[in-house]
Amino acid sequence: MNTIHPNRVTFTCLLLISITLVHSIEENTTYETITIENEKEMITDIDVIQLNVGGELIMTTRSTLTCISNSTLAIMFNGRWENELSRDKHGNIFFDFNPILFHHLLEQLRFIENGNSVLFYPPFLSSLKTPFEKMLRKLGLNQMKKSKDDIIELNISGEVLTIRQKTYTRLSNYTTDLFVDSNPQIFRQIINQVREEQMNETIEEIDLENTTIDLNSETEYDDGICTDATWNTSGITIAGGNGQGSGLNQLDHPMGLFIDRNGLVYIADTHNHRIVKWKPRGIRGEIVVGASAELNGKNYVSSVVVDKNETIYLCNRDENRIERWVKHVEQGEIIFSNISCWGLALNKEEVLYISGHEDNRIITWPSLQVVAGGNGEGNDDNQLSSPYQIFIDNKQSVYIADYFNHRIMKWVNDYKEGLLVAGGNGYGDKLDQLKLPHSVVVDQMGTMYIVDFGNDRILRWFKHSKVGTVLIGHDGSGNKASQLSDPYDIAFDREGNLYVADTSNHRIQMFPIDKSLCTKTAKSDRR
């Protein structure tokens, strides 16, 4: 077993012109030179890989990522599975980890030999140790060992300096024997500066819980939505809008909405008892599930979701059941009966979530596990009252439009009670109130977008905020481009454009996003 042990460590001050890292591993010495010139890097190594780790671009080498041959991390980059990994819009492989933790891991991986078992040292901050261990488990690197030695010796130009482990951790993430040609006096000054910062600074809490890697999902992670993003308050009709009817260019009280990764819009055309699919800029829809192919009853569809294989799942309210329609198969199948369903959602693993409208609970299929509610109708934290549409975020938390409680509840994965995240101040039209919310979606910042059905408006509600802001519907109920009438559902496309099922206007409205004020720093703002 190889052990990364920081008994003797050296620390190199970064120069503006060049940095030379000297690796000494047993009897063999390798040299890797990184030259920085005009803020551009030239790395002398083969097969360099650029990763997007939690929004930060990190450059490393394939040999570093595959140095532990039997790990999940090595398997990801062995050449066979790389094309299956999730990528951002620029083509960089995306890992949903905290970049601080990933840097800490990489610095340890760079100085080990290929081996089947390695002991890793966690970061200094106690709040980071558990998330670091979780990350190791997900990458198949789940052996950790805390340093037993509080005192570390540093060999600086032949002079041995001793510092405490916590000070060393703040100085550098390198955790192997190195010898650096540095000035001991300058190095002492750096150490004293770090010690002073440790005494004066307040460590902020970092939200790292439940980070995940999705190897199969083709979902675009970078939605590009920042705090300063805006949406046009006048919508564009992209489906229906030609009066109430059953023609292919018409809709009749559409209540459910789903947009796939290609921008295709699937609509639960409820009073027409069908699912229609509209292509971007299409002038008419295509019936993909309809009255001519129904399962012994009317398809009073309240919700529709579509998986990556284009299999359609729908809630049939008339028959109290969930149906599955596989692509190119003319007949659907009943997968779950006797359920007063309303909303459906798929998580990243394409597990189906179902809101039991009359059962006051959220369950998963096929496991039939209750993940929210299930404690009778009420307004306690462990109860719901007629839940409508639901949304699942990347951490498997469930956001619920808790209809008769006039609130949005967030149920963290495996929690027994929900968290009130919007509304909950009674029935009303103030900015801290909701009136019969029908649907909710959440962007990557954790900002909610809520269909406030009873007020004919869409609210934007920032994370941890006590009030929302009116995004759409300033002019009250109506059929103008800036108005809604009984909106039921909401969805984003991959660019961040907002779609609303404007039910009593028998149309789907798209509200284009303006991200011109968004920058990399603004995007990382987690309010």
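**Close-up 1. A four-stranded open sheet with antiparallel pairing, ordered E26-E27-E28-E29.** Welcome to the first stop in this predicted model. On average, and ignoring direction, neighbouring strands here are turned by 25° against each other.

**Close-up 2. The hairpin of E27 and E28.** Strand E27 (residues 398–402) and strand E28 (residues 407–411) run antiparallel and are joined by five bridges. To find your way along the pair, look for Asp402, which stands opposite Arg407 in E28, and then for Ile400, whose bridge partner in E28 is Met409. Four residues lie between the two strands, and in this hairpin His406 takes a positive phi near 55°.

**Close-up 3. Strand E28 and its other neighbour, E29.** E28 and E29 are antiparallel too, with four bridges joining them. Here Arg407 turns up again, standing opposite Gly423 in E29. How many of the five residues of E28 are buried? Five are, so the strand is mostly covered, buried being under 20% relative accessible area. In a regular strand, side chains alternate between the two faces of the sheet. In E28, Arg407, Met409 and Trp411 point one way, while Ile408 and Lys410 point the other way, and all are buried.

**Close-up 4. Strand E36, covered on both faces.** Why is strand E36 (residues 507–511) described as largely enclosed by the rest of the structure? Because five of its five residues are buried. One side carries Arg507, Gln509 and Phe511, the other carries Ile508 and Met510, and all of these are buried.

**Close-up 5. The hairpin of E35 and E36.** Five bridges link strand E35 (residues 498–502) with E36, and the two run antiparallel. A handy landmark is Val500, which stands opposite Gln509 in E36. Between the strands of this hairpin there are four residues, and His506 takes a positive phi near 55°.

**Close-up 6. Strand E13 alongside E36.** Strand E13 (residues 236–240) pairs with E36 in the antiparallel sense over four bridges.

How values were computed
Residues numbered from 1 in each chain as written. Predicted model: local features only at pLDDT ≥ 70, side-chain atom pairs only at ≥ 80, totals over all residues. Heavy atoms only, no water. Pairing = 2+ DSSP bridges. Axes fitted to C-alpha atoms, helices over the stretch in contact; angles between N-to-C directions. Buried < 20%, exposed > 50% of the residue type's maximum accessible area, 1.4 Å probe, protein only.
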